[in-house]
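This briefing is intended for a reader meeting the structure for the first time. Please keep the sequence and the model in view while reading.

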Amino acid sequence: MTVTTTTAIEVHELHKHFGGLVALDGIELEARAGEVLGIIGVNGAGKTTLMNCICGIYRADRGRVSIGGRDMTGLSPHEIAHAGVGRTFQVPRVFRKMSLIDNLLVPVLDRAEPDRALIERAEAMLEQMRLIELRHNFAEELSGGQQKLLEMARMLMPEPRVVMLDEPFAGVHPTLCRFMIERIEAIAAGGKTVLLISHDLTSIYRLSHRVAALNQGRVIAEGSVDEIRGNPAVVEAYLGA
Amino acid sequence: MELEGNAAAPRAAERDSARRIYFTLAAIIGGLVSVYFVLVPVFGLNLAFHFYLMLWITMASAFNVASGFSGYMPFGYVAFYGVGAFTTAILVQKLGFPVLAALPFSGIAGVVLGLLFAPTLRLSGIYFAIVSLALASICRLIITNMPEEITGGSFGLQLGSRAEPVLSFYVMMLVMLLALGTILWLSRSRLGKALRAVRDDAEAADMMGVNVVRVRLYGWLIAAFFPALCGGIEAWYTNVVDTETAFNTLTTAKTVIYAVAGGLGTVTGPIVGAIGMVWLDELIWRQFPRVNLLILGIATIALVLFLPRGIVGTLLRRRPQWRRYIP
Amino acid sequence: MELLVLNGLVNGLIVGGVYALIGLSLTLLYGVLRIVNFAHGEFVIGGSFLAYVLFSSLGLAPLLALPVAAITFFAAGWLAYYVLIPRLARSDDPEIMSFLMMYGLSLALAAVMLLMFEADSRSIDYAFTPISMKVGPIYVSTARIVAFGVTIVISAALAWFLYRTLPGKALRATIMNREAIQIVGVDVEKLSAFAFALATGIAGVTGVLIALVFPAFNAFSGAEYSIIGFIVVVLGGLGNPVGALIAGVIYGLAEQLATVFLPQALAQIVGFGILVGTILIRPTGILGWRVQR
């Protein structure tokens with residue numbers, strides 16, 4: 001997999017506050033096409049808020065988000081999704097009273113492909129995630145880890161160029177974690193740009209090309225895995241918090 | 001992937017057979033229902049009872065679109081019914097329309113009202129329910145206080161002697177079949193899936209590319225169209241329209257209860273619920289006319305306590321594998 | 001004209017006080033239990049009918065009916081809680097199921113009252129001496145003044161209870177965060193039952209006051225008071241007792257002043273219009289709560 005030099009995601013001077021709480025305090029970030037950008041930081045550093053701003057749930061107070069050179073600021077979530085952005089959530093947000101297959105069909109309902117083709121693609125995806133046997137069950141019947149896999153499959157259905165994973169390993173059994181890492185490696189190998197938030201530093205260091213460390217709404221360090229590992233500011237932020 | 005080609009074919013076959021069972025069942029139910037109702041006038045069965053049975057099946061099914069499929073609880077649902085009734089009455093009595101020409105306008109009136117109420121769709125459960133109730137009251141008050149020349153004041157409107165029991169009966173049947181067909185289509189269609197996704201988690205659906213506002217609106221307008229038509233046909237059947245009966249809160253109450261009794265979210269649920277409850281109502285009313293309202297209230301409480309998912313819903317909960325086969 | 005306006009203001013305060021109590025009990029119920037009580041109006045009118053029965057069969061003065069109503073309704077509420085509520089919490093969709101259940105309850109209660117009292121309007125012909133008193137340049141019926149006095153006492157007692165006593169504070173804490181309070185060791189079940197009983201009790205007492213303030217009531221009046229309750233609660237913010245008190249008074253004033261200037265039916269529309277407008281335009285009411293889906 002080649003990491004190109006074209007920019008896939010560009011976040012410029014992003015500010016977001018909730019009442020008196022400043023969540024994002026001027027974030028400057030860049031992810032190149034095809035790379036895996038790990039995002040680390042303590043709780044409250046602004047990681048999820050950043051993701052929410054990029055995908056459109058939150059409207060930033062100031063600043064700009066561009067995907068593939070196109071300005072996304074102010075667009076609604078479904079428009080941003082159509083621009084090729086997919087994501088998963090820290091706490092799984094599957095469609096509880098719909099079957100697994102139906103869950104996977106939701107992101108591609110507007111495609112011109114006939115139902116049969118979409119269903120077959122969905123089934124193939126479920127097979128990859130080892131959920132195929134449960135395809136007719138309601139999503140609420142899955143375990144937490146299975147729901148995270150379902151979310152990942154759902155995210156991949158519309159073949160997004162940019163993929164954002166919010167704490168994919170949180171609360172997941174170690175065996176499943178290994179499987180998930182494999183899946184994420186496969187996603188990255190496919191040339192997609194991946195934004196990966198995680199507290200699991202081992203996995204982050206293994207999967208990411210570059211890492212950005214956030215603290216108190218700002219990027220305090222950005223660079224290769226080795227650069228970040230040894231960065232005193234990062235260490236202090238994690239331990240001093 | 002190695003196994004893909006081998007496993008996909010039997011899966012596709014299984015899918016097709018499930019689909020065939022589903023639509024066969026739907027066809028059987030639809031066929032039985034149609035044949036039964038077609039024969040009611042022929043065999044001289046109680047026309048009024050069956051007319052209202054069809055009315056409630058239609059109302060409960062349309063309500064199911066707003067509640068079971070979309071996740072709303074419009075406690076002011078009667079507003080569409082009332083507006084439909086008055087539209088037909090005014091067009092027929094004041095403007096001399098033939099009834100069959102006026103009825104489509106009732107449906108349109110319902111859709112227009114739905115559009116007017118559309119801004120409330122962004123409200124959450126409780127607020128939506130309360131606002132819905134308030135809006136229905138506002139509709140009723142406005143119509144009651146309109147000049148007598150237009151809406152007949154407190155005496156209402158007579159449609160003249162245009163009542164044609166048998167013809168209006170069959171028109172009601174057609175509308176019922178249209179409603180059931182629409183809901184059957186909706187339950188399998190992409191719009192139906194989008195609606196349900198929005199119902200389960202609107203924000204997540206938004207992020208998955210679903211145009212939440214537009215999808216909600218379509219579902220809402222479908223749900224608004226049919227009760228308005230029902231109101232118009234009933235006005236034709238009974239030959240009279242007044243605000244007390246056209247905007248009776250009991251209409252919403254019965255619609256909600258019948259739909260819940262059968263089971264929200266399925267096609268057959270409201271049919272089963274309406275049939276069951278209308279029979280119950282008829283039985284009780286014959287024996288104990290005075291406690292009708294009380295029985296309705298207690299039945300609702302009992303439903304919520306012991307059968308919250310309704311008859312069909314509870315069945316599907318026990319046998320989830322049947323979900324794919326039962327419409 | 002000034003007299004009419006003054007009349008409107010004074011009556012608005014009195015009526016507003018009653019509305020405030022309706023809103024207060026309704027918002028308490030929602031705040032602690034997340035239940036929207038569509039039967040609240042019927043609870044209130046039940047209190048009115050109780051006072052009526054006590055007066056017409058036992059000659060009991062309405063003021064004495066107050067404690068009877070309080071105790072009876074409190075007990076009834078306690079019982080009703082344990083019969084109805086625990087199953088709700090275990091259901092798939094407690095919010096919607098609670099609407100439906102309370103809706104059914106409102107139908108059932110209205111039906112019972114209809115059977116017992118027919119559809120005729122009832123009123124309590126209790127004559128205070130003097131029949132009316134002079135407040136400034138206008139005359140106000142003594143019954144209304146007494147009712148207002150009672151309203152003030154009850155509101156003050158409730159405020160003291162909610163802000164100065166431990167169970168009251170526990171109630172307020174539960175409104176803010178139901179999960180957290182269980183961790184702290186409070187028996188939420190009992191507290192919820194208490195809240196339900198308290199709200200029902202207040203409703204019953206308010207019903208007695210309604211019999212004093214308004215000329216007549218019937219089995220169908222419940223629905224009107226339910227709607228008024230919703231308007232007040234929404235204006236004040238769901239779950240906010242102080243908000244409900246303020247909003248109740250404001251709404252009462254608005255309603256009475258509107259009837260001075262507008263025909264009756266139009267005033268009703270204005271009332272509902274305020275409700276819809278507030279929810280759509282300023283969704284947080286006076287003191288906020290999240291409204292959007």
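How many residues does helix 2 of chain C have, and how far does this helix reach from its first C-alpha to its last? Helix 2 of chain C, residues 40-58, has 19 residues and reaches 27 Å, close to the 27 Å expected at 1.5 Å a residue. The model is a predicted one.

**Contacts between the chains**

- Two pairs of chains are in contact, and chains B and C share the most contacts.
- Chain A and chain C do not touch, and their nearest C-alpha atoms are 11 Å apart.
- Between chains B and C, the contact involves 36 residues of chain B and 35 residues of chain C.
- On the side of chain C that touches chain B, the elements giving two or more residues are helix 4 (94-117), helix 9 (221-236) and helix 11 (264-281) of chain C.
- Helix 4 of chain C gives the most to that side, with 16 residues.
- By class, the side of chain C that touches chain B has 26 nonpolar, five polar and four charged residues.
- Between chains A and B, 25 residues of chain A are in contact with 21 residues of chain B.
- Helix 1 (4-42), helix 8 (190-200) and helix 9 (202-207) of chain B are the elements that give two or more residues to the side of chain B that touches chain A.
- Which of these elements gives the most to that side? Helix 8 of chain B does, with six residues.
- The side of chain B that touches chain A divides into nine nonpolar, two polar and 10 charged residues.

**Helices of chain C**

- Of the 19 residues of helix 2 of chain C, 14 are buried, so this helix is largely enclosed by the rest of the structure.
- Two packed helices are described by the angle between their axes and the distance between the axes.
- Helix 1 (residues 2-33) and helix 10 (residues 241-261) of chain C have axes that come within 6 Å and cross at roughly 145 degrees.
- This crossing of helix 1 and helix 10 of chain C is right-handed.
- The contact of helix 1 of chain C with helix 10 of chain C has 19 nonpolar, 10 polar and one charged residues.

**An open sheet in chain A**

- In chain A, four strands form an open sheet in the order 2-1-4-5, with antiparallel pairing.
- Why is one side of strand 2 and of strand 5 of chain A left without a neighbour in the sheet? Strand 2 (21-32) and strand 5 (70-71) stand at the edges, and each has a single partner strand, so one side of each has no neighbour there.
- Helix 1 (residues 47-55) of chain A packs on the sheet and touches strand 1 (7-18), strand 2 and strand 4 of chain A. The direction of this helix makes about 65 degrees with that of strand 2 of chain A.
- Strand 1 of chain A is joined to strand 4 of chain A by five bridges, and the two run antiparallel.
- Glu10(A) stands opposite Ser66(A) in strand 4 of chain A.
- Strand 4 (residues 62-67) of chain A is joined to strand 5 of chain A by two bridges, again in an antiparallel arrangement.
- Ser66(A) has Asp71(A), in strand 5 of chain A, as a bridge partner, while Ile67(A) is partnered by Arg70(A) in strand 5.
- Strands 4 and 5 of chain A form a hairpin with two residues between them, and Gly68(A) in the turn has a positive phi of about 60 degrees.

- Most residues other than glycine have a negative phi.
- Glu159(A) is not a glycine, yet its phi is positive, near 50 degrees.
- Glu159(A) lies in the loop between helix 5 (144-156) and strand 7 (162-166) of chain A.
- With 13 other C-beta atoms within 10 Å, Glu159(A) is partly exposed.
- Gln216(A), also not a glycine, has a positive phi of about 50 degrees.
- Gln216(A) is in the loop between strand 9 (210-215) and strand 10 (218-224) of chain A.
- Gln216(A) counts as partly exposed, with 16 C-beta neighbours inside 10 Å.

Terms used: Residues are numbered from 1 along each chain as its sequence is written. Chains are lettered from A and ligands numbered from 1 in the order in which they are written. This is a predicted model: local features need pLDDT of at least 70, side-chain atom pairs count only at pLDDT 80 or more; totals for chains, interfaces and linings use all residues. The expected span of a helix is 1.5 Å times one less than its number of residues. A residue is buried if 20 or more other C-beta atoms lie within 10 Å of its own, exposed if 12 or fewer, and partly exposed in between; C-beta atoms are placed from the backbone. Two strands pair if DSSP finds at least two bridges between them. Two residues are in contact if their C-beta atoms, placed from the backbone, lie within 7 Å. Axes are lines fitted to C-alpha atoms, for helices over the stretch in contact, and angles run from 0 to 180 degrees between N-to-C directions. Ala, Val, Leu, Ile, Met, Phe, Trp, Tyr, Cys and Pro count as nonpolar, Asp, Glu, Lys and Arg as charged, and the others, Gly among them, as polar. A crossing is left-handed if the near helix is turned anticlockwise from the far one by less than a right angle, and right-handed if clockwise.
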